[in-house]
Amino acid sequence: MAQEGKTQEFEYKAEMKQLLHLIVHSLYTHQEIFLRELVSNASDALNKARFRKLTDENILSKDVPLEVHIEVDQDANLITIEDAGIGMTREDLVERIGTVASSGTKAFLEQLKSQEKPLDGQMIGQFGVGFYSVFMVADKVTLETRHADNDSQGFRWESGGEGTFTLEEIERVERGTKITLHLKEDAKEFSEEQRIKHLINKYSNFVDFPININGEQVNTVKALWHKQKSEIGEEELNEFYKFIANDFMPPMGHLLLHLEGVVNFRALLFVPEKAPPALFRDEEYQKLHLYSNNVFIQEDCKDLLPDYLKFIRGVVDAEDIPLNVSREVTQSSPVMGKIRSILTNKVLGLLEDWAKKDPEKYMKMFNEFGPLIKTGISTDFKNKDRLIDLFRFPTTRKPKGEMTSLKDYVESMGEDQTEIYYLLGEHREVLEKNPNLEYFKKHDVEVLLMDDPVDAFMITYLDTYDDKPIVSIEKSDIDLKQDEELAKDALADEDINKLTAQFKITLGDKVEDVMVSKRLVESPVTLVAGKSGMDAQMERMMKMMDQNFISGSKILEVNPGHPLIKNLSRMVDSQDEIDLIDKVIYQLFEGALLLDGNLNHTSDYVTRMTDLMVKATNN
Ligand code: ADP
């Protein structure tokens, strides 16, 4: 009791001084996080007291409930946060509070000082002195505390932030800590009850001790993700989802995880019913919240799931993540890496489960988020095969609106089919009219109709499935069997060779080659990409991205059974009307370009067509 009433003054340590100077004199974004820091400290202290109560009969104020009490007084411009936690000893006050925990602080401080933008208040946590974030909003802070030991002494700690703090012994009956903030002029908002309620709701709603503001409890005490599956009602789940996701619809499904082992965490994840517009628009979109032992630490944490699963919403509560970590730290933390890999695995597992047991639900999900999931093929090498099995595509065998998996495709392949076929394009309607499909339709060979814009990108990562090459039917080197029926009716080899030679003379270097087609049934000609070329859709994409993109040369395939081709062959034979032959050949070539969406100037095409119609109507 020797020191009671006597106030001692202490100087802050050198680095602490610098840090405080910065805190006091800078402008901030996220000023409000001081409240989270204080509530989180209070929650830690309550956790310790809870443990102590369990193990020690003699704890001070044994019957005082484990609660947080916040009082705001707008007239006096004060906010007070009091907890019945473990409290602090004199040593704690001198040593713990006021000691910068992280190394390299100095260099970092220098860097911060030279920054001209407002500082992010959350950065203060980096130094392991979250408590000092109070000086963003207060010009005087009074802390009264008494440790939970029965024979402890009460202390008052006080500081204006800069230079020094004072310490004196006081009479304090109950264990715990009470912190009073005298708010700065520009931080008056933090003495408004509504503002504080809102912040508690945002940051600490799920702290598992009651939080009272001016006498009224504002939080829901037991965090939902800490409950057992059987304890959680659907209604409760839906309300929670809507609350965290700002969604008006209940989720499509959820995952409740409780993992113990290499890393310990719980997670409550949701698949939304619909993709919000920001999902595809906002590159930074990410909606998982990170908690550490019930205390909210990061909103929209980017490191918990890969980008292609960023439509998942929810919370992850990890035991091994320190509070006050910055985004940079969470990013490189090995614990986060493990959590991310486990979460990815579980989410893929959930989707696989739907695909197997509830295909209708799966397709609903895939229609919303499929394009995003497909992008994963380029980044998640580890899960590539699982991802590919989750993909679904429209196909020539199914009506519009239905899709197939590669697994089903392969299972229904004909015995002599060795390749998986696809056609890329913008709309199913256009794809269905593509002349390259004629052979496949006639022989009932299934072709995947890839009409999702992301497919052109995705397909570059998808070479084979089940050891079968995946090939575009617009490529020249696909392995097709001769159609016997058509062959009977076709031009003789000698005639068709003469005709293709004429095509080459007329078209010159506009095409790489002219060949006899096996894939055409009804159309006279079609354009296909050479061995190293791109198919039409891919070229359109390249052109969209790069105005100067030059199309690769194409191979023109000619249908030897088509009446027009037969007529042409006769004309070439007699070298009759060479002008007309040229015109028809040009018209066929440009018509094929037009179908592919690659005819840049249509005027010649139209003029030629008019000429040909004049000729036809003249007879
Ligand atoms: P951190 O919480 O990251 O350790 P802080 O600056 O917020 O950093 O707090 C420093 C230390 O002060 C804590 O580790 C704890 O020992 C003590 N402390 C802070 N607030 C309280 C409180 N309300 N009750 C008991 N101890 C506290």
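Reader: In what sense do β17 and β18 pair, and over how many bridges?
Author: Strand β17, residues 420–424, pairs with β18 in the parallel sense over four bridges, where pairing requires that DSSP finds at least two bridges between two strands and strands are DSSP runs (E, at least two residues) numbered from the N terminus. This is a predicted model, in which local features need pLDDT of at least 70 and side-chain atom pairs count only at pLDDT 80 or more, while totals for chains, interfaces and linings use all residues. Residues are numbered from 1 along each chain as its sequence is written, and side-chain values use heavy atoms, with hydrogens and water left out.

Reader: Which residue is the bridge partner of Leu-423 in β18?
Author: Leu-449 is the bridge partner of Leu-423.

Reader: And what is the strand order of the open sheet?
Author: The open sheet has four strands in the order β18-β17-β20-β19, with mixed pairing. Because β18 (447–450) and β19 (464–465) stand at the edges with a single partner strand each, one side of each has no neighbour in the sheet.

Reader: Switching to packing, how many residues are in the largest nonpolar core?
Author: That core has 76 residues, and those with the most contacts inside it are Val-316, Leu-343, Met-365 and Tyr-421; a nonpolar core here is a set of buried Ala, Val, Leu, Ile, Met, Phe, Trp, Tyr and Cys residues joined through side-chain atoms within 4.5 Å, and buried means under 20% relative accessible area, exposed over 50% and partly exposed in between, with a 1.4 Å probe and protein chains only. Helix α9, residues 334–357, gives the largest share of this core, ten residues, helices being DSSP runs (H or I) of at least four residues.

Reader: Where does this core lie relative to domain 2 and domain 3?
Author: The core lies between them, because domain 2 (225–359) and domain 3 (392–472) both give residues to it, with bounds taken from an automatic or database domain assignment.

Reader: What about aromatics, how are the rings of Phe-34 and Phe-190 arranged?
Author: Their centres are 5.1 Å apart and their planes at 80 degrees, so the pair is edge-to-face; rings of Phe, Tyr and Trp (its six-membered ring) pair if their centres lie within 6.5 Å, and planes under 30 degrees apart count as stacked, over 60 as edge-to-face and the rest as tilted.

Reader: Are those two buried or exposed?
Author: Phe-34 and Phe-190 are both buried. Phe-457 and Tyr-461 also form an edge-to-face pair, with 5.5 Å centre to centre and 65 degrees between the planes, but Phe-457 is partly exposed at 34% relative accessible area and Tyr-461 is partly exposed at 32%.
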